[in-house]
Amino acid sequence: MTYHPKSEFMATMMQRGFLADCTDYQGLDEALSQGIVPTYIGYDATAKSLHVGHLLNIMMLRWLQKTGHKPITLMGGGTTKVGDPSFRADERPLLTPEAIDANIGGMKQVFAKYLTYGDGPTDALMLNNAEWLDGLNYLDFLRDIGRHFSVNRMLSFESVKSRLDREQSLSFLEFNYMILQAYDFLELNRRYGCRLQMGGSDQWGNIVNGIDLTRRVLDQEIYGLTSPLLTTSDGRKMGKSAGGAIWLNADMLSPYEFWQFWRNTTDADVGRFLKLYTELPVEDCDRLGTLAGSEINDAKIVLANEVTALCHGADAAATAEATAREVFEKGGVGDDLPTLILTPEQIAGGLSNTALFVQAGLCKSGKEAKRLIAEGGASIDDAPVGEVRLMAPEEIRDGMKLSAGKKRHALVRLCGS
């Protein structure tokens with residue numbers, strides 16, 4: 001694309017690799033150049049924390065605010081009760097209202113680290129779509145909103161079509177999701193003057209629906225912008241690791257483990273991730289991304305420090321780096337490692353070494369722990385675990401270090417003794 005943007009925000013999106021598609025590049029760029037553009041991204045409350053897969057769009061909102069515009073973080077208190085079917089093979093489990101509220105509470109903690117909330121012109125807003133969705137009258141909604149939607153067109157969207165092409169069931173409940181998300185955009189425009197919705201490229205159909213609905217009902221010119229769906233250079237979905245999702249809340253994943261995820265980035269991804277997940281100048285990201293040999297490890301430490309400082313604070317980043325150096329370079333223990341705390345009662349009859357690795361979070365199951373030991377990847381205090389066996393209470397020491405491979409470690413602490 002040869003379009004040269006006028007606005008700082010659009011230029012940033014293009015230079016740093018955030019931009020996948022836009023409903024009207026030139027129209028949006030003009031609007032961004034002429035004044036503050038309130039912009040929203042919606043987040044359904046399906047877990048107690050957001051994860052690294054959400055971080056790309058959170059950074060987009062951060063850049064939006066830094067370039068003089070107003071971010072809106074929309075919590076899906078209403079839409080979570082339906083569940084987004086986009087590109088899913090099956091229906092999402094339905095959550096209770098209490099579970100949804102608890103999840104929203106956990107998710108809110110993340111946004112405060114990246115955005116400034118308040119009453120100023122470019123201060124962020126935190127909203128919940130349950131505010132307008134929970135009180136809808138079904139018949140009025142069908143008459144006033146439903147009539148603007150063509151079922152033929154809804155069936156043509158790839159997110160729906162892919163499910164039907166595989167002959168997998170799509171419930172009527174799920175089919176309504178895109179109408180509700182479209183209605184969110186209309187309400188945000190009506191109530192807060194919101195003119196732009198952003199999201200991952202899997203949300204394109206939902207975003208376009210909201211734009212069409214708002215134009216039909218309110219005759220407003222609004223826009224949609226999507227980011228690429230990221231995979232790592234080795235083809236894995238961004239944000240997933242051998243240990244599961246990379247959560248952004250410290251109570252679900254320690255800052256050290258978060259730091260380690262970024263430190264373990266594949267060489268080919270370093271430059272791209274520096275542009276997307278840090279605020280370092282583009283030239284520095286390009287320079288660091290071209291390093292080779294042992295020098296690329298220095299670039300990975302820069303990446304890990306910058307991303308961790310944004311999410312957990314500069315002190316947490318510095319502590320994580322110090323712990324990593326202690327563990328990897330000096331052969332030490334490192335007090336910031338994930339820690340399994342055991343009581344005398346828990347070890348009184350002995351404890352299998354597989355149970356230690358599972359309870360410490362280094363393996364998901366006993367079967368996985370047995371395989372790790374059989375393949376020679378498990379060690380205790382840097383000594384290989386030779387076989388699966390029951391460990392006597394006196395063998396389980398305070399400060400023991402468990403290792404799964406060379407990069408994943410945990411401590412064992414004994415309490416109450």
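Reader: Is Thr-214 buried or exposed?
Author: You're looking at a predicted model, where local features need pLDDT of at least 70, side-chain atom pairs count only at pLDDT 80 or more, and totals for chains, interfaces and linings use all residues. Numbering starts from 1 along each chain as its sequence is written, and side-chain values use heavy atoms, leaving out hydrogens and water. Thr-214 has a relative accessible area of 0%, so it is buried.

Reader: Which helix is Thr-214 found in?
Author: Helices are DSSP runs (H or I, at least four residues), as are strands (E, at least two), and both are numbered from the N terminus. Thr-214 is found in helix 11.

Reader: Which backbone oxygen does the side chain of Thr-214 reach?
Author: A polar contact is a pair of N or O atoms within 3.5 Å; within protein, one must be able to donate a hydrogen and the other to accept it, and residues adjacent in sequence count only if both atoms are side-chain atoms. At 2.8 Å, the side chain of Thr-214 reaches the backbone oxygen of Gly-210.

Reader: Which residues does Thr-214 contact, leaving aside neighbours within four places in sequence?
Author: Contact here means heavy atoms within 4.5 Å. By that rule, Thr-214 is in contact with Phe-185, Leu-186, Asn-189, Asp-219, Gln-220 and Ile-222.

Reader: How are helix 10 and helix 11 set relative to each other?
Author: The axes are lines fitted to C-alpha atoms, for helices over the stretch in contact, with angles from 0 to 180 degrees between N-to-C directions. Helix 10 (residues 177-192) and helix 11 (residues 204-218) have axes that come within 8 Å and cross at roughly 50 degrees. Under 35 degrees would be roughly parallel, over 145 roughly antiparallel, 65 to 115 roughly perpendicular, and the rest oblique. The two helices are therefore oblique.

Reader: How many nonpolar residues does the contact of helix 10 with helix 11 have?
Author: Among the residues that meet are Phe-185, Leu-186 and Asn-189 in helix 10, and Gly-210 and Thr-214 in helix 11. Ala, Val, Leu, Ile, Met, Phe, Trp, Tyr, Cys and Pro count as nonpolar, Asp, Glu, Lys and Arg as charged, and the others, Gly among them, as polar. Besides six polar and one charged, the nonpolar count for this contact is eleven.

Reader: What is phi of Asp-219?
Author: Most residues other than glycine have a negative phi. Asp-219 is in the loop between helix 11 and strand 6, and it is exposed, with a relative accessible area of 67%. Its phi is a positive value in a residue other than glycine, near 55 degrees.

Reader: Which backbone nitrogen does the side chain of Thr-80 reach?
Author: Thr-80 is in the loop between strand 3 (71-76) and helix 4 (97-114), and counts as buried at 5% relative accessibility. A polar atom of its side chain lies 2.4 Å from the backbone oxygen of Gly-76. At 2.8 Å, the side chain of Thr-80 reaches the backbone nitrogen of Ala-45.

Reader: What is the relative accessible area of Leu-50?
Author: Leu-50 is found in the loop between strand 2 (39-44) and helix 3. Not counting residues up to four places away in sequence, it touches Tyr-43, Ile-58, Met-107, Val-110, Phe-111, Trp-247 and Leu-248. Leu-50 is buried, with a relative accessible area of 1%.

Notes
Buried < 20%, exposed > 50% of the residue type's maximum accessible area, 1.4 Å probe, protein only.
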